[in-house]
Amino acid sequence: MGFRAESDPDGGRQILTGKRSALFVSVCVLPFFMVNGRKAHAAPVRSVQAQRPVSSAVPGAEPARQYSAAMPAPSRANGVIEDIRVSGNTRIETNTVLSYMVVRPGDPFNQDDLDRSLKTLYATGLFRDITLRREGGTLLVHLQENPIVNRIVFEGNHAAKDEDLRKVLSLRPRAVFSAETTGDDRQRILEVYAQKARFAAVVTPQIVRLAHNRVDVVFQINEGPQTLIRKISFVGNKAYSEASLAGVVSSKETAWYRFMGSSDEYNPDRLKYDGELLRRYYLRNGYVDFQIKDVKGELSPDRKSLYVTFTIDEGIRYRLGKVDIRSSLRHVPAQSLRKDIELFSHQWYDAKAIQTNATDMEEILQSQGHPFAQVRPTIARNPEKHTVNLLFDVSEGPRRYIERIDINGNTITEDKVIRRQLPFAEGDPYTPSYKKYAKEGINDLGFFKSVDIADSPGSSPDRANVAVNVVEKPTGEFSLGGGYSTDVGVIGNVGLKQHNLLGTGVDAGISGTLSLWQQQADISFTNPSFLDRNLVAGADIFFVENNYQTYQNYSEGRYGITLRMGYSYNRYLSQSWNYSLIRRWLGNTWSESSWYVLDQEAKSLLSQISTTMMYDRRDNRAAPHSGYYISLGGDVAGVGGDEKYVRGKMSGGYYIPLDDVTNSHDWTLSFRGGLGYMADWGHGRHDIIDNFYLGGSNLRGFLDGGVGPRSVGRPGGQASEDLLGGRFMYNASIQLNFPIPFLTDMGIAGRAFVDAGSVAGVRVTRLYTNPATAGSRYTAISGDRVEPRVSAGLGVSWKSPFGLVNIDLGVPIMRSYNDRTQLLRFGFGQQF
């Protein structure tokens, strides 16, 4: 007795039983399947949800009556199953098929048991069609097996790579094909494109049937345009305008100038981050009760644009009321810690400043011999007075010591290279701040894609095991470069470097530079942990030749070796020592060069010891936004060689973030300055190439070396003017870094600056300023003044695809007679 198709009286949906396939389509079906070379037509596709019959034991499932057969209610009169014969199976063993079935020989022909057997067979996912038929006392089971996936192909994808799409699929080559799994995979592909802001993407699965019951699964992809953010709105904001809040969030409205960025692409994870940025912004500005009620993104009907709405509740703004401190730390009275409180009553509540103050106090206590000290700020609101009382609660946290340190993932880098970056060792106290510094120290190596510090319980409650998990990245570098600079003209360079030689952390490299006015070659070697100690040691062997004919009447060259050594006292204070042995020469003079230059036309040997001490509290040394640094240095020449002088240098900088004023992280005000003086001893050569020079990068608006003493040319004599430099130099600069509207996403930033400085103190081999004694060699000197030269201007930096481009327009405001100026300074370069 065969099974038949019935209709569901509630929904009119056809229920397939017996010879009909139990696969049916809910919402939509797979379109245009290729069957034996012909297209099987189906309804338009949105998503594929091929379903199998489900058991009535599953909540919400359809009742088993949908699989009813054309036979009376079960009874002994219906007969007994004497035998079960299975046909149509080629890959799957008959015993395996029988094991899936509920009925067995000797059981009655019971409708419910047959329905359950049918469902169980379909649930295996191995069959695409099953027929149960009775012939006398025999139950005939005819199967059509699901095909095997031969390969999976993607067509039309450009924004997502094949390997990225394969990672999300459940289907695999040589696995059993399932229409339901194919539909699920289609949805996963759409999710990949949703993460790339392509919500209009259309994915159409197609099946190509092959011989031997195999299929190729082809995902035809129409990626569609990116879905960009058309409008960002804020609901509930009263204290700040939409424009101000739009500057806080990282998501941006689409605009033509954002073609190089991704901030205008919709990303759910970015919206969560934006919510956190808003929360931090309001908490920094006194809104303790701030809440984000909802963040919603709505697609336009054409699915090409998206409208983002942040619904917020600002609450009231609070000031700090009473600021107090309480200490339960042994031998640390609260009164002794009051000097470390950086906040005061009546200022606006600032959650970031409070947490920073607490962290600083913890670090101070830990450095003073209290490794487990913890500082917890607590607040008490007074909504009537709009104040918050702040209490710093100082106590001793749980004592935990490091039992074991495991280094994982370092396939190239030696363990000791990572361990020496850790601020702790086995047996040391373990605190959250140490964990933070450990991660920062390992990241500073630059050897790893990612660094993670994890801890787990040790053998006892006061013990912890620390795992340092890293992912290596390539540290070798071969570079070809090109560019242009107003200093040396068109530049070409080539270099070969290894920053982690054989996994030892040693930095070694060879490089060469060739330009219109400069040639340079350098071999360098640096060991950051010489003798496995807190000692950096290295050496440089170099050759340099500069042709200054564009603004000087000579060329200068040198070759030699520099030995370097440095060490750190702590995270902020470091010192370095150098010894240099350099052979120099000055040449390519001409008949009208000044006597001061002609006196230098010879070879000399420089033997010099140098040291520099640096205290650096900047947040980022390459692009500082806050903090300060102070540098003190000195050079002593005369331990052998032809030069004998002592030179001292001092410099510093202070960086002020303007986040609170501008509501942007892109504004920074900086103050920088430097001072230097050199004195001669013994009977050295007094070469002008050792003097201080000012101009160019350290005094914009003036030519390199264009400020300070210079020879005065005269008809009938040495007609040229040569820059001589001086023994005393000072300079200062105020600079405001700011974003440029509409261009920030293109990597373009602006700056405004005021530079000042001067060079004075003639330092030459002999003077020719007295006509009575110099005779025909008489050469006057001008520009020897300590009065400041001042310039002001604007600059632009562009992180272009071709490299970093810098343009500075400096206008001299105060200058001396015959100072050489340079209105525009330009430079760019790139390694590739």
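Colleague: What covers the buried residues of helix 9?

Modeller: This is a predicted model, and in it the cover over those residues includes helix 7, helix 8 (415-419), strand 20 (448-457) and strand 21 (463-472).

Colleague: Which residues of helix 9 are the buried ones?

Modeller: They are Ser433, Tyr434, Tyr437, Ala438, Gly441, Ile442 and Leu445. Their arc around the axis is only 160°, so they lie on the same side of helix 9.

Colleague: How do you know that the span of helix 9 agrees with its number of residues?

Modeller: Helix 9 (residues 432-445) has 14 residues, and at 1.5 Å a residue these should span 20 Å. The end C-alpha atoms are 21 Å apart, so the two values agree. Just after helix 9, Gly446 has a positive phi of about 80°.

Colleague: Why is Asp755 called buried?

Modeller: Buried means under 20% relative accessible area. Asp755 has 1% relative accessibility, so it counts as buried. Its place is in strand 35 (residues 748-760).

Colleague: What makes the pairing of the Asp755 and Arg700 side chains a polar contact?

Modeller: The cut-off for such a pair of N or O atoms is 3.5 Å. The side chains of Asp755 and Arg700 make their polar contact at 2.8 Å. Leaving aside neighbours within four places in sequence, the residues in contact with Asp755 include Leu699, Ala732, Ser733 and Arg789.

Colleague: Ile189 next. Is it buried or exposed, and why?

Modeller: Ile189 has 0% relative accessibility, so it counts as buried. It sits in helix 4 (residues 179-195). Apart from neighbours within four places in sequence, it is in contact with Phe154, Leu165, Leu169, Val203, Phe219 and Ile221. Ile189 and Ile221 are 32 residues apart along the chain, with 9.2 Å between their C-alpha atoms.

Colleague: How many residues does the largest nonpolar core have, and which have the most contacts inside it?

Modeller: That core has 22 residues, and Ile325, Leu365 and Phe392 have the most contacts inside it. Two or more residues each come from strand 16 (319-327), helix 7 (351-367), strand 17 (373-382) and strand 18 (387-396). In soluble globular proteins, nonpolar side chains tend to be buried together.

Colleague: And for the chain as a whole, what percentage of residues count as buried?

Modeller: Of its 832 residues, 42% count as buried. The chain has 12 helices and 39 strands. It exposes about 41800 Å², with carbon and sulfur atoms supplying 55% of that area.

Notes: Residues are numbered from 1 along each chain as its sequence is written. This is a predicted model: local features need pLDDT of at least 70, side-chain atom pairs count only at pLDDT 80 or more; totals for chains, interfaces and linings use all residues. Side-chain values use heavy atoms; hydrogens and water are left out. Helices (H or I, at least four residues) and strands (E, at least two) are DSSP runs, numbered from the N terminus. Buried means under 20% relative accessible area, exposed over 50%, partly exposed in between (1.4 Å probe, protein chains only). A polar contact is a pair of N or O atoms within 3.5 Å; within protein, one must be able to donate a hydrogen and the other to accept it, and residues adjacent in sequence count only if both atoms are side-chain atoms. Contact means heavy atoms within 4.5 Å. A nonpolar core is a set of buried Ala, Val, Leu, Ile, Met, Phe, Trp, Tyr and Cys residues joined through side-chain atoms within 4.5 Å. The expected span of a helix is 1.5 Å times one less than its number of residues. The arc is that of the directions from the helix axis to the C-beta atoms. Accessible areas come from the Shrake-Rupley method with a 1.4 Å probe; for residues, only the protein chains shown count as cover.
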